[in-house]
Amino acid sequence: MTDDARVRAVTLVLLVALGLYSLTKLELSHSITHFLPAGEESELIELSLDLVDSPLARRMVLAVGGGPERTQAATQLAQALRAHPQVAWVEAGLDREAVASLFDLYFDRRVYLASASPALEVPRLLESPELERRAQRLLDRLAGPSSTLVSRTAPADPLGLFDGVLARIRAGRPGLAGADGGLVSRDGDFSIVLLGLRSSPFDFKAQSGLLRDIEREFAGIGGDLVLEQSGVNRIAVASETSIRGDVDFISVAALSGVCALFLLVFRSLPRLLIAILPSMSGFAAATAVAVSFPTPLHGITLGFGFALIGVAIDYPIHVMNHHALSPAGTRARDSVRRIRASLLLSGASTSFGFLALALSDFPGLSDMGIFAAVGIPVALAVAVFSLPAFLGPGGGATPVQRRLSDGFEALVRWLAARRRLATALPLAYAAIVAVGLPQLRWQDDPASLMSADPTLLAEDGRVRERIVDVDPGRFVLSLAPDPEGALRLNDQVHTRLAAAVEAGQLEGLRSLHSFLWSQQLQRENLLAFRSVPDLDARIDGTFAARGFRAGSFGAFTQAIATPESEPLLPEDLAGSPLERTLDSLARIDERWAAVTYLRGVRSGAGIRDALAGLAGAHYVDQDEVIGQIYEGYRRSTLKMIALGAVVIFLVLQLRYRDLRRGLLAFLPSALVALTTLSLFGLLGMTVNVVGAISLVVVLGMGVDYGVFSVDGTTRPEQVGATLSSLLISCLTTLFVFGTLALSEQPALQSIGATTASGVLLALLLSPAIFVLASRGERA
Amino acid sequence: MARAPRPALALGLLLLAATASSRAQAGEDDAVASAAAASPGLRQVMAGFAASGGVRAHFRETKQLALLDAPLETEGVVVFSPPDRLARHTTRPGSSAIVVRGGRVALHDETGHQVMELDADDPARHFVDNLSVLLRGDLEALIARYRVGFQSSEAGWQLELEPRSKVLRQLIESIRAEGRGAALLRMQVLEANGDSTVTVYSDVETGLEFDAAETERIFSLEDPAAP
């Protein structure tokens, strides 16, 4: 076996071994907490993000309209979906038994649930003017259409306490026009079915199957009726379908482009496999190192880490192009030796630049930096030491390679004769930076990263409006060590938020308080009634004056003296028609949270003010939280990029020991990164966190262009090979990353636009860098 | 303490008590178990209903309730538009309304406004079905829902209705409707707890046709208090 064969075998065996090792040990994490900033403030963010996959998100609203048959169709649809494996529960209305069970649950507890502020309101309720008002109201109701019911409940409830309880329940349920009927939209034109999802709304496979089945079931039931739907799962499935479509298209476009490029330039597809060998090796090594740590590797670290190590594809392209353009019969190791210094400098500065990310406060970003900083040197080592074993003797450049090389030589000669023009190019970049950078606008709104079908969003909005739904992602958490504590806090939160509604800071809210109060508050109600010694006489006297028969209301005072039930507990709601309301009482880690969902928040600050002084009560706006995280990431990324740029600059200065040459080698990374941002500013394009992270790729690749351009001046006879290698690298990057700009998804677009612009700007600058760096070098 | 009745059942009842209004015609003594066995007089009364078209009448209602020392009196207007629109507007002493339209019912009184689907609530649907049956003159359906007794004399006719449904029987013992010729003059509802409601109708107009604007005004399900 020859040495080259041994190297090839060892390289491939190591690659396979690392791959297998990584696969067997790989444990991927998808926890968002890994991407939260370190520190105490992250706890609330973590809690709030735990609720991203909350019961509210695990819910669908189906609205059936278009004719009087809608009620029956909705009932049939609900019945059909009850048996679906992905449906946890279905609610389509309250039948007779359900209403009866609510009556059983609440009527006996009407005294416990009389007032949210019993110390204040119960004494007022039992004063003469209010008792007289209640007596008159009872009289009016007996005269009205509901007298048959009222006459039966009045002896035990002359004050109408149960009406108050029912009104709260009615107001607390979505899409319910009548407490005793089915779920209907606010306008009454749609019958409503609520579905609980068994799987996460982001589980593509489960949700796409369910959505298909809903459509199919309705097609068999609905006839000419209309079905409109709302649910996080629909948006998630549509987005993922769009992304998958994009990725399929882009993958084909990218692969076709790269294959065509290698066929055109190298006349060989195997060269493509050789070219990706170093990057694959670097990725396998970095993954193997990452999976050796006890904490699981995060999926995002793996994805972005792969992209960062993709920068290493430049190294084999330089090796292969230089080798092909070398004299016939040149050994590959000799071709590599000629550019080895450039390769090592390029790899080292890129690695150090990426390593700067490791200093980020954000664990996820830090991991990406370490991951890439491990992978790049391995990829470089494979390019320098193993790659020659895969290449035959030199020479044999294709006509395209020769033409490209000759063309660049001619371009450099032309530009060298016009040094002012060469000087003007980086100055033009600087001018773009000076004008464009101040105009740059950052976009940290998480919604800006995703593109959803506007028709779907409009339908979602219509359905939510029909049931007067709460705003997704805006809620108040009442945190306490136990459920009773959470309910006690929730009682106070509700009082504050009700005042906020009165004050117009909030349109409405959906709270567990509509259905369940703390035991403490319920007992306070009972005690407040009991503390009135002449209750029986007061009621009897006042009501008799309005024409009621004396002694009619003994059942009420009896219920206060010896209540028919204990206070209502969370477990009493389990199995009742209101069981779903317990979704708002969630155990999060070691604590309990009562969640109050909000509608029409005018200002987050106003809600926070309303909750001031309530320890354990927190207003959360998930979009705001995620926006803050994105902003934090973006700022940290930019800081680390700046730090990385400084490190790269120092490495280059250390290598060249010449300020001017070091600076010239540095320009295609730092200046290009800034110019890219500035161009976006000039074009009015906003930049998001993904764009910021993509700048790291630009920085890593840009340094290759600078180093090879400056180092190329030491072997001017190879300037054509050097610059044509850069062109091939640039085109490869454009096909691999730049095609992402074709995506409909803003996040992918951002990666594509940033990377493509960056490498193009770096390539354009390279001949000028070469010319400017040539001064004083040997011809 | 005796448990109060379920609200849903009560809903059906309150609708029944509130809206069983219309007119009838003469006949003779009868206890009917099937439409085929119905007397010619009963058939004639129901045929009269079927031919009556839209109806508007003033009503005065007197309730004898165990809770009250004295009877409670109310007044208002009841309107029916075939096949399924019904409105009962009370004008004294307080203001309240029940409107049934296209499978939905709106309840409005001083405590608020509520709209619900009839299909979602069995008792309510039963009641509206029953009422529609009566006002449409659907004898077969009437007999399916009630044990029907029928009497007639020179002075007029009397219809005795006893709910067949156990659910309704828990609340309503019987309904007696009295009339003369094509006019319903009096209706008495006896409740299972001994309370009773007597409604006397006057100024009965039949054969009415309501244009779109009137229909919207009389049979609107919207909250009249809404801005």
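Trainee: Hi! Which hand is the crossing of H25(A) and H27(A)?

Mentor: The crossing of H25(A) and H27(A) is left-handed, meaning the near helix is turned anticlockwise from the far one by less than a right angle (clockwise would be right-handed). This is a predicted model, where local features need pLDDT of at least 70 and side-chain atom pairs count only at pLDDT 80 or more, while totals for chains, interfaces and linings use all residues. Residues are numbered from 1 along each chain as its sequence is written, and chains are lettered from A and ligands numbered from 1 in the order in which they are written.

Trainee: At what angle do H25(A) and H27(A) pack?

Mentor: About 15°, with the axes of H25(A) (residues 622-656) and H27(A) (residues 689-711) 8 Å apart. The two helices are therefore roughly parallel, as angles under 35 degrees are. Helices (H or I, at least four residues) and strands (E, at least two) are DSSP runs.

Trainee: And which residues make that contact?

Mentor: From H25(A), they include Tyr630(A), Arg634(A), Leu638(A), Ile641(A) and Ile648(A). Among those of H27(A) are Val689(A), Ile693(A), Val696(A), Leu699(A) and Val703(A). Contact means C-beta atoms, placed from the backbone, within 7 Å.

Trainee: How does the contact of H25(A) with H27(A) divide by class?

Mentor: Into 13 nonpolar, two polar and one charged. Ala, Val, Leu, Ile, Met, Phe, Trp, Tyr, Cys and Pro are nonpolar, Asp, Glu, Lys and Arg charged, and the others polar.

Trainee: Nice. What about H12(A): which of its residues are buried?

Mentor: In H12(A) (residues 299-309), Thr301(A), Leu302(A), Phe304(A), Gly305(A), Ala307(A), Leu308(A) and Ile309(A) are buried, each having 20 or more other C-beta atoms within 10 Å of its own. Their cover includes helices H11 (270-291), H14 (332-355), H15 and H27 of chain A, along with strand E6 (297-298) of that chain.

Trainee: Over to chain B. What does its secondary structure come to?

Mentor: Six helices and twelve strands. Of the 227 residues of chain B, 47% count as buried.

Trainee: Why is E5(B) largely enclosed?

Mentor: Because five of the six residues of E5(B) (residues 96-101) are buried, the rest of the structure largely encloses this strand.

Trainee: Which strand does E5(B) pair with over five bridges?

Mentor: E4(B) (residues 85-92), in the antiparallel sense; strands pair if DSSP finds at least two bridges between them. A hairpin of three residues joins E4(B) to E5(B), and Arg88(B) stands opposite Ile98(B). E5(B) also pairs with E6(B) (residues 104-109), again antiparallel over five bridges. There, Arg101(B) has Arg104(B) in E6(B) as its bridge partner.

Key. A residue is buried if 20 or more other C-beta atoms lie within 10 Å of its own, exposed if 12 or fewer, and partly exposed in between; C-beta atoms are placed from the backbone. Axes are lines fitted to C-alpha atoms, for helices over the stretch in contact, and angles run from 0 to 180 degrees between N-to-C directions. Angles under 35 degrees count as roughly parallel, over 145 as roughly antiparallel, 65 to 115 as roughly perpendicular and the rest as oblique. Two residues are in contact if their C-beta atoms, placed from the backbone, lie within 7 Å.
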